[in-house]
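Student: Could we take a close look at one part of this structure together? I would like the cut-offs spelled out as we go.

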Amino acid sequence: QVQLVESGGGLVQAGGSLRLSCTTSASGLRINAMGWYRQAPGKQRELVASITSASSTNYADSVKGRFTISRDNAKNTVYLQMNSLKPEDTAVYYCNADVRRGLWDDRYWGQGTQVTVSS
């Protein structure tokens, strides 16, 4: 069973920064894409950023220029550096990892970490 453990969420004032981390227990398995999603109250879960095993990145328009996703493959860890935070960034942030299983990938999710940005 693959587990993802997130850390780094919290309360921050607008304009501040936070760094989220997510470590997987998928040692010995091939991890393809990893990413971060978020879900605000009353809204659907949305993609924030993703990164391939070759470190190619993709960002939601709302976070471009403010957030940076990165990964350390040796540690099976993905990071999300969040700068210039806005109140609208308030949400539960979930990391995911796509683990290769034969010819396809299985997607695994973390438990979520709360990020609250005060105005």
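Student: How do the residues of the lining of the largest pocket divide into nonpolar, polar and charged?

Tutor: Happy to walk you through it. This is a predicted model, in which local features need pLDDT of at least 70 and side-chain atom pairs count only at pLDDT 80 or more, while totals for chains, interfaces and linings use all residues. Residues are numbered from 1 along each chain as its sequence is written, and side-chain values use heavy atoms, with hydrogens and water left out.

The lining of the largest pocket holds 2 nonpolar, 4 polar and 7 charged residues. Here Ala, Val, Leu, Ile, Met, Phe, Trp, Tyr, Cys and Pro count as nonpolar, Asp, Glu, Lys and Arg as charged, and the others, Gly among them, as polar. That makes 13 lining residues, and R38, A40, K43, E46 and E88 lie nearest the pocket's centre. The space inside is about 160 Å³. A pocket is an open set of points on a 1 Å grid over the protein atoms alone, where a 1.4 Å probe fits, with protein on both sides within 12 Å along at least five of seven lines; lining residues have an atom within 4 Å of a point. Grid points are joined across faces, edges and corners, and the volume is the space filled by probe spheres set on the points.

Next, P41: its place is in the loop between β4 and β5 (46-51), strands being DSSP runs of E with at least two residues, numbered from the N terminus. P41 is exposed, at 76% relative accessible area; exposed means over 50%, buried under 20%, and partly exposed in between, with a 1.4 Å probe and protein chains only. The C-alpha atoms of P41 and T90 are 9.1 Å apart, although 49 residues separate the two along the chain.

Now to the rings. There is 1 aromatic pair, formed by Y37 and W109, edge-to-face, with 5.1 Å centre to centre and 70 degrees between the planes. Rings of Phe, Tyr and Trp (its six-membered ring) pair if their centres lie within 6.5 Å; planes under 30 degrees apart count as stacked, over 60 as edge-to-face and the rest as tilted. Because Y37 lies in strand β4 (residues 31-39) and W109 in strand β10 (residues 104-109), the pair ties together parts 72 residues apart in sequence. Y37 is buried at 17%, whereas W109 is partly exposed at 35%. W109 also has the charged end of R45 over its ring, 4.7 Å from the centre; this requires NZ of Lys or CZ of Arg within 6 Å of the ring centre and within 35 degrees of the ring normal.

Conventions: Helix = DSSP H or I, 4+ residues; strand = E, 2+ residues; numbered from the N terminus.
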